[in-house]
Amino acid sequence: MISTDSDILSTAETWAKAGRSVALATVVETWGSAPRPVGSHLVIDGEGNFLGSVSGGCVEGAVVEEAAEVIADGRARTLEFGVADETAWKVGLSCGGSIKVYVEKVS
Amino acid sequence: MELGVLAALNAERTARRATILVTDVASGVQRLVKTGDMAADPLAEALDRQLRMAKSGMVEADGRSWFLTVQAPHPRVIVTGAVHISQAMAPMAKLLDLDLVIVDPRTAFATAERFPDVRLLAEWPDEAIATLGLDAYTAFVALTHDPKIDDPGLEAALRSDCFYIGALGSRKTHGRRLERLSAAGFGEADTARIHAPIGLDIGAVSPAEIALAILGEIVSTLRGPRRKPA
């Protein structure tokens, strides 16, 4: 829901202002049946703590890992997950849909 | 994202103002577009479309992919009159994800028994509205038929930029209402904002049907195109 994703943006600000390294992940595109709608957020800190959801649990682990890279090099990137993806065997979406997640550093 | 941009995005949301964060997905370049700047933005049409739907989304323009993070304030409906129609409106509004508040100073009408699970204020509308506030994402609906109660609410609504104003009553009742509002200093352009007779013309008869017609008109005003195609 909107309120939840708003809470996540507030949390991202709070964490960043407290001096924590922060990355923000956003679902930017979905195809087929996807568990979370476009615009859903996940906030991740440098220690791997996270809040929110971009897929209801299917790919959060991979996004958190990638967020560590984004925090390290400061470069935003777009990740793709889906059944057509090779990584789908590991972290794919069981619902058969696919999603694109944009991950950026808050600095 | 720069922390300043994130803070501004959060501040706009708290203030209940529509805002869109535009991100060039390839380069990561971003800009925050506030309500007043949307019409002049190069992506104005896409911004308007996404904002009406209150949906974030990807748009293609100038050979680039832009992601629009859309923050549209949650729409609210303020109703004067704890009456049959508002009893029917309450559960319908909940299904439509509209925040409904019912205001009626008559404590015999405004009881929790008649209105379970809905925000109910047994106050005069002008006092209640001063607290609640009216903004571009608020609809105001007057249902009491009683000028003592409806008029102060309507006057507050006309002074605000709320997106919808509707008032129950026959053409005759509305005619007298217009005379009173005119005497109170409101011009024709102001009073033309009032939807009366209220609701979509679906031949509504029962209170629930009238509630449906009113909510249909509110949704249509909220989501309908503000700019007609040429």
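Trainee: Among the elements of chain B, which has the lowest mean pLDDT and which the highest?

Mentor: This is a predicted model, and where pLDDT is low, the predicted coordinates should not be read in detail. In chain B, the lowest mean among the elements, 92, belongs to helix H2 (residues 44–53), while strand E9 (residues 164–167) has the highest, 98. Chain B as a whole averages a pLDDT of 94, with 97% of the residues scoring at least 70, and for the complex the predictor gives an ipTM of 0.84 and a pTM of 0.80.

Trainee: Which residues have the most contacts inside the largest nonpolar core?

Mentor: In soluble globular proteins, nonpolar side chains tend to be buried together. Here the largest nonpolar core has 45 residues, and those with the most contacts inside it are A:Ala12, A:Ala23, A:Ala25, A:Val43, A:Val63, A:Val101 and A:Val103. Strand E1 (residues 22–31) of chain A contributes the largest share of this core, six residues. Apart from this core lies another, of 41 residues, which includes B:Val77, B:Val79, B:Met89 and B:Ala139.

Trainee: What does A:Ala25 touch, leaving aside residues up to four places away in sequence?

Mentor: Its partners on that count are A:His41, A:Leu42, A:Ile44, A:Val54, A:Val63, A:Ala67, A:Val101 and A:Val103.

Trainee: How many residues of chain B are in contact with chain A, and which element supplies the largest share?

Mentor: On the chain B side there are 16 residues, in contact with 19 residues of chain A. Helix H1 (3–14), strand E3 (57–61) and strand E4 (64–71) of chain B each supply at least two of the residues on that side, and H1(B) gives the largest share, six residues. By class, the side of chain B that touches chain A comprises eight nonpolar, six polar and two charged residues.

How values were computed: Residues numbered from 1 in each chain as written. Chains lettered and ligands numbered in written order. Predicted model: local features only at pLDDT ≥ 70, side-chain atom pairs only at ≥ 80, totals over all residues. Core = buried A, V, L, I, M, F, W, Y, C linked by C-beta atoms within 7 Å. Buried ≥ 20, exposed ≤ 12 C-beta atoms within 10 Å, placed from the backbone. Helix = DSSP H or I, 4+ residues; strand = E, 2+ residues; numbered from the N terminus. Contact = placed C-beta atoms within 7 Å. Nonpolar A, V, L, I, M, F, W, Y, C, P; charged D, E, K, R; others polar. pLDDT = per-residue confidence, 0-100.
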